Amino acid sequence: MPLGGVVGLPDDDPESDIPANDPDLLRNRPVLDRAIVISAGVIANMIFAYTVSVAQFGLLGIPEPVNGVYIPQVVSGSPADLAGIERKDIVIEANGQRLDGATAPSSTGADGGETTAVDGVDQQLISIIHSSPNEPVNLTIQRKNEELQVAVTPEVSPRTNDAVIGIGLSTMAPRRIKNPMEILSLAAQQFQFQTQQVSTGMLSLFTNFSEMSGQVGSPVKIVEQGAKLSAENIGFLFPFAAIISINLAIINILPLPALDGGQLAFLIIEAVRGKPLPMRLQESVMQTGIFLLLGLGIFLIIRDTTQLEVLQNLR
């Protein structure tokens, strides 16, 4: 389980036999050297997020609009599966209504047969399916270079009471890359967009905490969300992992006690003053920060565990 890690330095080892004045101990290095070491975890998180985006486009292809509704996933044993609908099919017509793809791109997923409504031609298809519980829906499917006629009968989901057929929907279909530079460029654009999203969300958390506090989650919530995404489409885990990594980087760089940003704040003060703050003061601030973070972490874990769907269903 990826629970994280920590770098243990001889500076923090009371049993170390390295002399206290050794120039290679981190505390004896110049401020810039120490800042680079302390920032390494944050930098690694950002590099990892970009690498995940590169892997996403390299393995899954580059999304492009299609004329119709693309099916990235079919739930096994669902009405769509039993009717012969396959992954990568494109629905171009439903009950005589043409799905022309003239609206903005959007996407939804399949979660145990559930489909979530969104704007676009996929909304047209969803509306037709929702309005036809236990009644056949005639679909025209484009599969590679041929068109097929398929009749599928939606069933009512016990979770939402909506008629569903058990497919994921998207107005975007992946295509293979033309050259490696295209992947690097698109990954950079996605990385920039995700970083802006996370930064904006973090700023909103501090400026509007009362409304945003409910969105703060523990590792329990992260695992739950990841499980839901993987159930819909395993490809959704790529951007999810990138956003989690960017979140870790931004949180760690905040000038809060016990975080990398807190240590960097001490270094900035040292560079300005020409000497470090008293060690006793630094240790007190760090210990206070650790206790606060541990307390918050325990609270969030307990809250998110009690709110797990599997536990809610037991009530």
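The stops below follow the salt bridges of this model.

Before selecting anything, note that this is a predicted model, in which local features need pLDDT of at least 70 and side-chain atom pairs count only at pLDDT 80 or more, while totals for chains, interfaces and linings use all residues. Residues are numbered from 1 along each chain as its sequence is written, and side-chain values use heavy atoms, with hydrogens and water left out.

The structure holds 10 salt bridges, a term that stands for a side-chain nitrogen of Lys or Arg within 4 Å of a carboxyl oxygen of Asp or Glu.

Begin by selecting E270 and R34, whose side chains form a salt bridge with an N to O distance of 2.7 Å. Because E270 belongs to helix α8 (residues 260–273) and R34 to helix α1 (residues 31–60), the pair ties together parts that are 236 residues apart in sequence; helices here are DSSP runs of H or I with at least four residues, numbered from the N terminus. Both E270 and R34 are buried, meaning under 20% relative accessible area, whereas exposed means over 50% and partly exposed lies in between (1.4 Å probe, protein chains only).

Next, select R175 and E182, which are joined by a salt bridge whose closest N and O atoms are 2.3 Å apart; R175 and E182 are both buried.

Then move to helix α6 (residues 219–232), where E224 and K221 lie three residues apart, about one turn of the helix, and where their side chains meet in a salt bridge of 3.6 Å, N to O. E224 is buried at 13% relative accessible area, while K221, at 24% relative accessibility, is partly exposed.

Conventions
Helix = DSSP H or I, 4+ residues; strand = E, 2+ residues; numbered from the N terminus.
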